[in-house]
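Hi,

Here is the structure I promised to pass on to you. Have a look at it first, and then read on for what turned up.

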Amino acid sequence: MLHLGLGSFHRAHQAVYLQRLIDSGDRRWSFASGSLRGDMDGTLDALRQQGGAYTLETVSPAGEYRYEQIASIREVLPRTDDQAAIVARGAHPATRIVSFTVTEAGYYLDDQHRLDLTHPDLAADLQRARQGQAGNTIYGAFWALLRARRDAKAGPLTLLNCDNLRHNGERVRAGLLAFIDQVGDASLADWVRSQTTCPNAMVDRITPRPPPELRERVRQATGRDDAAPVTAEHFIQWVIEDDFIAGRPDWATVGVQMVASVAPYEEAKIRILNASHSCIAWAGTLVGLQYIHEGTAVPAIRQLAHDYVTQDVMPCLDRPDAPSPVDLAAYRDVVLDRFANPAIRDTNQRVAMDGFSKIPGFIAPTVRERLARQASIDAVAVLPALFLAFLRLWHRGQLPYTYQDQGMDPAVAHAICDADDPVDALCRDRGLWGDVAGDARLVDAVRRAGVRAGAVVQSLTVA
C-alpha cells in the first residue's frame, strides 16, 4: 500500500491496524508512505533514519499509558517537486492500494461538491498536468501516478480515503475525473473508470500534534530515543466500504469494520464527534483555555455540545423510517468522555482550524434537515454563533494563536466581520450554507444563539 500524507494521524491509525495484522502473522502487506507537501519534511527525514519505525504512545481516559513500536511503514518516500518516488511506487504492480489523508479543504470542492477550478492550487496543477508534470494537490499527484500505472500496464488500483469528508470515496472519484477531463485526457479517464475503485471510509482516533516533551516521555518509558514518536487516545475505529478492485489486507481480523455502506457511521462521527470537537475548541478559545479537555471539563461548555447532539443531531440520524445502527446517545457520551481525557492535551488551536470547511461539512447538514422539517435549530445554531465570535477575535488580531483555515478567503472573512450585521453576513454566505444561506430562520436562530453563547462566554472568561 502507498499512503500519501505521512502525518501523525496516518501513523496513529492506518499504520497501527496494519501492524496488528503483521503481529498476527500476516506479513503480506506493508506501507510505503510519503507526503505531497513540504510541511512534513522533518518528520520524513527522521523516519527515514529510523527505517520507518517509530513509537506510538496511547493514553486511556483513566490515564493509562502504553508504548508500542510500529514498523508497518517499510518505505519512507522522499518528497520532490516532481513527486517521482510517489509516482514510481504508485505505478509499481506490487502496489494494490493507494490510501491518503487530506483535510476537507484539500478536496477543493465548491458548495455543490464540484471541483473548484478557480482555486489557485488546482489551476497550477492543471497547468503542470498539461505540461506532463505531477502536481502538489491530490488530483495532480493522482493524475501523474495513474497515467504512469496505465502506461506500465501495472493493473487495477484502489484509491482509499482516510479522512473526515462525507462520502469521501465518491467525491474524490468525481473530483479526479473532473480534473482529468480538464487536462483533456479522455483515455486516462476511461482507464480510471474501469480500473480503479474508491471505497467510502470513516476514520476515528484523536491524534494531537506531538508535543515537544513526547520524545523524552518515550525515552523514559522505553529507553529508545525516538525522533518521530506520535501520541493518541486509546480509542480507535475504522469503517470501510468493502469495494477493493485489487485485493486488500484482512483488516476485519484486527477490528476494522468492513461494511456495505459507511453512511450511517460517518454521519454519526462527523456530526457528533467532529462538530462537537469544533464547538468545544471555539468556546474554549473564547474563554481563554488552551486545551480541549479543559473546555470539556467546564459544565456550561460541555452542555452546549451535549444539547447540540441530543436536541438537533440525534433526531436527524435516528428516525422511524431510517433507524441508525449506532447507539447515538452512548456514542455521544463516549465522545465527550474522550474529549475530557486530560492526558491527550489536544489543543484548541488544532481542533479550531478550518472552520470555513467544517461549517458546510459538519454543521450545515443538520441545519438543512431540521429546517426542512420545520423543526427548531436553536441547539445547532450555537455552533456557528461560537464560530462567528471566534472569527471576530481573529479579525481583530486577538486570537492567542495562529489560525489556519485552508477553506477561508481572508477577504471574505474580514468582510463578514466588518459588516453592519455580521450575523446576517455569516448566514448569507453560500459557501458556508448552500441553499439555506440567508434563510430568515437561520439568521434569527444564530442571532439568538449568539446572545446565549455570549452570556456563557462572559460568565466563564479566564482573565
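Predicted model: local features only at pLDDT ≥ 70, side-chain atom pairs only at ≥ 80, totals over all residues.

Helix H12 covers residues 299–317 and helix H13 covers residues 328–339; the two pack at about 155 degrees, and their axes are 10 Å apart. That angle makes H12 roughly antiparallel to H13, and their crossing is right-handed.

H12 has another partner in H10, the helix of residues 263–286: the axes of H10 and H12 come within 10 Å and cross at roughly 155 degrees. H10 and H12 are therefore roughly antiparallel to each other, and this crossing is right-handed. On the H10 side the contact includes Glu 267, Arg 271, Ile 272, Ala 275, Cys 279 and Ile 280, while H12 contributes, among them, Ile 301, Leu 304, Tyr 308, Val 313 and Cys 316. The residues of the contact of H10 with H12 divide into 14 nonpolar, two polar and two charged.

Which order do its strands take? Reading across, the six strands run S5-S2-S1-S6-S7-S8 in an open sheet with parallel pairing. Strand S5 (73–76) and strand S8 (196–197) are at the edges with a single partner strand each, so one side of each has no neighbour in the sheet. The partner of S5 is S2 (residues 31–34), and these two pair in the parallel sense over three bridges. Within that pairing, Ser 33 stands opposite Val 76 in S5. Helix H4 (residues 84–91) packs on the sheet, where H4 touches S1 (2–4), S2 and S5, and its direction makes about 145 degrees with that of S1.

Last, the charged side chains. How many salt bridges does a search of the whole structure find? The count is 32. One that may be handy to look up joins the side chains of Arg 128 and Asp 125, at 2.4 Å from N to O. Both sit in helix H5 (residues 120–130), and because they are three residues apart there, about one helical turn separates them.

Happy browsing, and do write back with questions!

Best wishes

Technical notes
Residues numbered from 1 in each chain as written. Heavy atoms only, no water. Pairing = 2+ DSSP bridges. Helix = DSSP H or I, 4+ residues; strand = E, 2+ residues; numbered from the N terminus. Contact = heavy atoms within 4.5 Å. Axes fitted to C-alpha atoms, helices over the stretch in contact; angles between N-to-C directions. Parallel < 35°, antiparallel > 145°, perpendicular 65-115°, else oblique. Left-handed = near helix turned anticlockwise from the far one by under 90°. Salt bridge = Lys/Arg side-chain N within 4 Å of Asp/Glu carboxyl O. Nonpolar A, V, L, I, M, F, W, Y, C, P; charged D, E, K, R; others polar.
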